[in-house]
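Here are a few exercises to work through with the model open beside you. Try each task before reading its solution.

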Amino acid sequence: MNHPDTASAAVPAPETGLRHILFPYADEDGFLTGTVSFVEHALGAGETVVVAVSGPREQLLREALADAGSAEGVAFLDTGEISSNPGRLIAVWQSWMEKVAQSGRPVRAISENRWSGRTRAESAELRYHEWLLNRAFAESPVWWLLCPFDTGAVSDGTLEALQGCHPLLLGQDGPVPVAGYAEVTYAFEALGDPCDPDEELVFSGGALAAVRERVTLCAARHGLPGDRLRDLLVAVTEVAANSIKYAGGGTLRTWAEDGRVICEVRDGGFIADPMAGRIRPTLDQVGGRGLWLVQQMCDLVQIRTSAENGTVIRLTMGTEGG
């Protein structure tokens with residue numbers, strides 16, 4: 001496999017932004033071939049290399065780099081700070097990049113997300129995160145992000161869906177443009193149907209106490225512990241208050257499935273910024289902190305919004321930690 005920029009005739013180097021490369025592999029040998037080559041070329045060019053890979057793959061890569069004499073100069077990031085909620089990941093990458101970019105050298109990174117063991121909703125939000133990365137770093141200094149993807153660990157169709165989130169695909173001759181990359185518009189999956197939801201609660205100004213009561217009743221029936229309930233109540237209250245402020249009110253539905261309590265708020269408003277809640281607010285920022293708080297509180301946040309159909313926000317909280 002060639003180094004990621006040896007096929008540069010097919011992929012002109014941009015002046016700014018993220019070079020986001022999907023790297024499908026079928027086994028451990030394939031994983032090591034692509035990642036070690038990527039690292040060695042970066043080090044040879046005097047670039048900073050950071051790796052965010054956890055579990056057995058991290059140990060494999062550490063050992064292979066040591067055997068190749070390429071371990072020095074590679075920073076393995078602490079993946080323990082990575083939340084299972086995809087809505088928090090862009091802020092994590094921004095924080096990491098601010099630190100490593102202080103060297104003044106170009107940066108190449110490797111990041112392998114955990115796909116196995118996720119629910120369908122979590123996987124859908126993780127794919128959306130991968131797509132949003134391209135927008136989040138569109139104006140940043142150029143950096144590379146190689147995303148290894150174990151093709152044997154997920155269901156059919158996942159690789160094709162991920163190709164719509166990555167502008168580049170790493171093949172035998174280097175990175176090539178992905179024909180199916182959705183550069184302008186992301187195609188969301190439909191939200192799953194609620195599982196035996198409680199009766200809808202229509203709310204408007206002055207009804208936040210009723211919203212909290214409905215959430216508390218649902219959580220109590222399904223065993224959501226006190227600390228997790230407190231976080232969920234803060235998040236739902238924030239979303240409902242925004243519905244009242246910007247849309248005059250909304251509708252709340254609550255239910256539980258597979259050990260998770262889910263609260264859904266619908267209203268006629270529209271959230272224009274797809275990054276809302278995903279970028280850490282600055283200290284002097286006025287407003288815009290509500291959805292950030294919601295993302296920090298919940299295990300999963302799903303937002304579907306359009307000027308024509310209004311907004312749906314689903315908040316998920318597991319009964320046994322996030």
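The exercises below go from the sheet to the helices.

This is a predicted model, in which local features need pLDDT of at least 70 and side-chain atom pairs count only at pLDDT 80 or more, while totals for chains, interfaces and linings use all residues. Residues are numbered from 1 along each chain as its sequence is written, and side-chain values use heavy atoms, with hydrogens and water left out.

**Exercise 1. Work out the strand order of the open sheet of five strands, and find its edges.**

Step 1. Strands are DSSP runs (E, at least two residues) and helices likewise (H or I, at least four), numbered from the N terminus. Two strands pair if DSSP finds at least two bridges between them.

Step 2. Reading across the sheet gives E8-E9-E10-E12-E11, with antiparallel pairing.

Step 3. The edges are E8 (201–203) and E11 (300–306); each has a single partner strand, so one side of each lacks a neighbour in the sheet.

Step 4. On average, neighbouring strands here are turned by 20 degrees against each other, direction ignored.

Step 5. Phe203 stands opposite Gly250 in E9.

**Exercise 2. Which strands does helix H6 (residues 208–221) lie across?**

Step 1. H6 lies across E8, E9 and E10, where contact means heavy atoms within 4.5 Å.

Step 2. Its direction is about 10 degrees to E9; axes are lines fitted to C-alpha atoms, for helices over the stretch in contact, and angles run from 0 to 180 degrees between N-to-C directions.

**Exercise 3. Describe how helix H7 (residues 226–247) and helix H8 (residues 290–297) cross.**

Step 1. Two packed helices are described by the angle between their axes and the distance between the axes.

Step 2. The axes of H7 and H8 come within 9 Å and cross at roughly 155 degrees.

Step 3. H7 and H8 are therefore roughly antiparallel (under 35 degrees counts as roughly parallel, over 145 as roughly antiparallel, 65 to 115 as roughly perpendicular, the rest as oblique).

Step 4. From H7, Asp231, Val234, Ala235, Glu238 and Val239 meet Gly290, Leu293, Val294 and Met297 of H8.

Step 5. By class, this contact of H7 with H8 has six nonpolar, one polar and two charged residues (Ala, Val, Leu, Ile, Met, Phe, Trp, Tyr, Cys and Pro count as nonpolar, Asp, Glu, Lys and Arg as charged, and the others, Gly among them, as polar).
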